[in-house]
Amino acid sequence: MTYLALLPWHRRLAWLLLALVLLLAIAGPWLWPDPARQDLMQFLASPSLAEPLGRDQLGRSVMARVASATRLSLGLAALCVLSAALLGSLLGVLSAWRGGLTDTVLRGVADGVLALPGLLIVLIFSAMAKGGFLTLYLGLALAQWVEYFRMTRARSRLVLASPHVEASRLLGFGPGYIVRRHLWPELSPMLLTMASFGMATAILALSTLGYVGVGLQPPAAELGLMMTEALPHYSEAPRLVLAPVAVLALTLAALVLLRPLEVTR
Amino acid sequence: MAALTQHGLARVLGQRLIQALVVSLLVATLCFVLVQQLPGDMAFRIAAGRYGYDYVDAAAAEAVRQELGLARPAWQQFAGWLQQLGQGQLGQSLVTGGAVLDEINHHLGATLQLAAASVALALGLGLPLGLASGLRPGGWADRLTLLWSVVLRTLPPFLLGLMLMLGLSVQLGWVPAAGHGEDGNLLLPALTLGLGLSGLTARIVRDSVLAVVQSDYYRFALTKGLSPWQAFWRHGLRNIGVTVVAYAGVQLILLIEGVVVVESLFAWPGVGHALVHAVFWRDVPMIQGCTLLLAWLFVLLNTLTDLLCLAIDPRGPAEP
């Protein structure tokens with residue numbers, strides 16, 4: 001509690017929002033289990049006590065769909081960020097440590113990937129297996145690792161050239177010790193900040209692809225896809241569009257506010 | 001001095017040329033993997049494309065396989081793929097049958113028009129607001145642009161576009177919701193993209209203005225008796241410019257990604273829209289062509305940014 005009280009207001013708000021979204025993602029699918037079950041007799045049924053958001057154009061529970069879509073987005077984004085951060089920072093440290101040819105080759109590849117906007121990489125991957133969870137994951141992770149690589153490499157070079165590391169080496173400590181005691185404490189805060197940014201990017205890319213119709217395919221419950229599907233019914237039941245919009249905006253807001261505001265661009 | 005500039009020029013162009021080559025190789029590789037990944041027999045699909053699905057049989061597919069060398073090992077096919085690209089052949093669209101180059105040529109104008117309109121809007125809004133925020137940190141403009149940039153971060157381009165569409169077009173009926181060729185069609189897409197970029201631009205300008213105004217040399221210029229306008233003109237403008245241009249170049253990635261999203265959203269017939277369509281129909285030559293074009297556009301814009309930076313500050317960027 002004392003830690004929370006010390007935080008600026010926007011980060012407290014961010015944690016609160018994040019907790020709400022996580023609650024929806026974890027408890028939601030447990031309370032409203034089946035996002036695909038149709039009940040055409042209850043076409044566009046109004047909200048009730050059992051179904052707080054009513055039913056959609058096919059009589060599916062909107063609450064169940066939103067909850068399952070939230071779980072999917074958060075899960076996929078977390079997976080992407082973990083893989084990208086792991087790959088990127090390992091290669092970054094390797095590049096800084098070895099230097100020479102390794103460094104040149106890795107930097108060349110990174111420059112190439114950097115010239116290809118992330119969304120384009122994800123689009124090519126989504127063409128490989130339309131609606132495939134695995135290919136989307138691969139595309140998103142491959143689009144993101146370069147950021148971690150560049151930042152880790154730049155920071156590691158400074159740390160590895162510092163007198164502390166030289167002293168440790170002269171005292172006979174091995175690479176494991178240097179990574180654990182010198183690199184990791186320097187790198188971890190930066191990696192965490194980048195991870196919150198990366199989560200937001202991945203969630204955004206997933207919903208954008210779903211919205212333009214080349215991401216996950218129906219009947220999957222996905223935030224962007226839900227908006228497109230519900231748009232023709234906007235005048236009758238705006239809640240069908242607004243529910244996924246609200247969840248998406250709140251999730252992104254939480255991830256943005258988590259960082260110090262000066263960094264927010 | 002001239003030699004130094006020339007050296008900087010050569011370095012910038014060389015680096016960006018290598019980057020363009022690496023990115024082309026990357027796109028070609030991804031697209032080659034994409035072709036290999038497609039379900040079904042490639043020879044059969046090409047034969048079906050030529051003769052129609054009703055007239056194709058195993059013999060026809062085999063003939064195509066021999067003719068195009070589809071039975072070769074993958075690395076030989078890959079070499080052939082790269083060779084074709086190196087000769088500037090982008091192939092034919094699998095959907096329309098037209099040459100990819102012509103198709104893209106047809107879409108490029110619309111994309112450039114949209115991009116130019118959005119950048120103009122973003123600069124028109126972002127420069128004055130950023131300047132006002134930087135000259136008076138903590139003032140109303142500063143707080144407004146901070147709020148605006150945070151709101152925009154939580155409102156992705158397609159949501160902003162959706163809201164503008166529902167607000168300005170469906171509710172108020174001021175502008176057509178989507179399409180191309182009528183008056184006012186450009187407004188919604190350009191507004192979506194331009195507003196999206198303006199928040200970022202304003203914050204970048206604000207940060208660099210603040211850094212310059214608080215620096216020692218700027219304070220000294222004021223202390224020695226220059227008027228605020230003289231100090232800004234002589235000592236501020238160039239130093240602010242170089243940071244703003246350098247940052248803006250990195251953020252152009254948002255412009256390229258935004259073009260893809262916004263064009264699909266508003267049915268604006270540009271390269272991004274064509275790309276999303278091609279992905280939907282798995283039209284690999286079109287995917288490769290559009291991706292290459294957008295990537296080259298990005299590299300080209302980055303080159304121009306580098307050159308602009310070099311023109312503002314002939315010393316060039318500090319060595320990494």
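This briefing describes the fold of chain A, the packing of two of its helices, and its contact with chain B. The model is predicted, and the values below are computed from it. Chain A contains ten helices and zero strands, and its contact with chain B takes 28 residues from chain A and 38 residues from chain B.

**Chain A as a whole**

- Read along the sequence, the elements of chain A follow the pattern α-α-α-α-α-α-α-α-α-α.
- Taken along the principal axes, the C-alpha atoms of chain A fill a box of roughly 75 × 50 × 30 Å.
- Chain A has 265 residues, and buried residues make up 45% of them.
- Of the contacts in chain A with a separation of 6 or more, 64% are accounted for by residues 24 or more positions apart.

**Two packed helices in chain A**

- Two packed helices are described by the distance between their axes and the angle between those axes.
- For helix H3 (residues 62–98) and helix H6 (residues 133–160) of chain A, the axes come within 6 Å and cross at roughly 35°, and the crossing of H3(A) and H6(A) is right-handed.
- The contact of H3(A) with H6(A) has 18 nonpolar residues, together with eight polar and three charged ones.

**The contact between chain A and chain B**

- The contact takes 38 residues from chain B, and the helices of chain B that each supply at least two residues to the side touching chain A include H1 (2–37), H8 (187–213), H10 (228–265) and H12 (284–312).
- H1(B) gives the most to this side of chain B, with nine residues.
- By class, the residues on the side of chain B that touches chain A divide into 28 nonpolar, six polar and four charged.

Conventions:
Residues numbered from 1 in each chain as written. Chains lettered and ligands numbered in written order. Predicted model: local features only at pLDDT ≥ 70, side-chain atom pairs only at ≥ 80, totals over all residues. Helix = DSSP H or I, 4+ residues; strand = E, 2+ residues; numbered from the N terminus. Buried ≥ 20, exposed ≤ 12 C-beta atoms within 10 Å, placed from the backbone. Contact = placed C-beta atoms within 7 Å. Nonpolar A, V, L, I, M, F, W, Y, C, P; charged D, E, K, R; others polar. Axes fitted to C-alpha atoms, helices over the stretch in contact; angles between N-to-C directions. Left-handed = near helix turned anticlockwise from the far one by under 90°.
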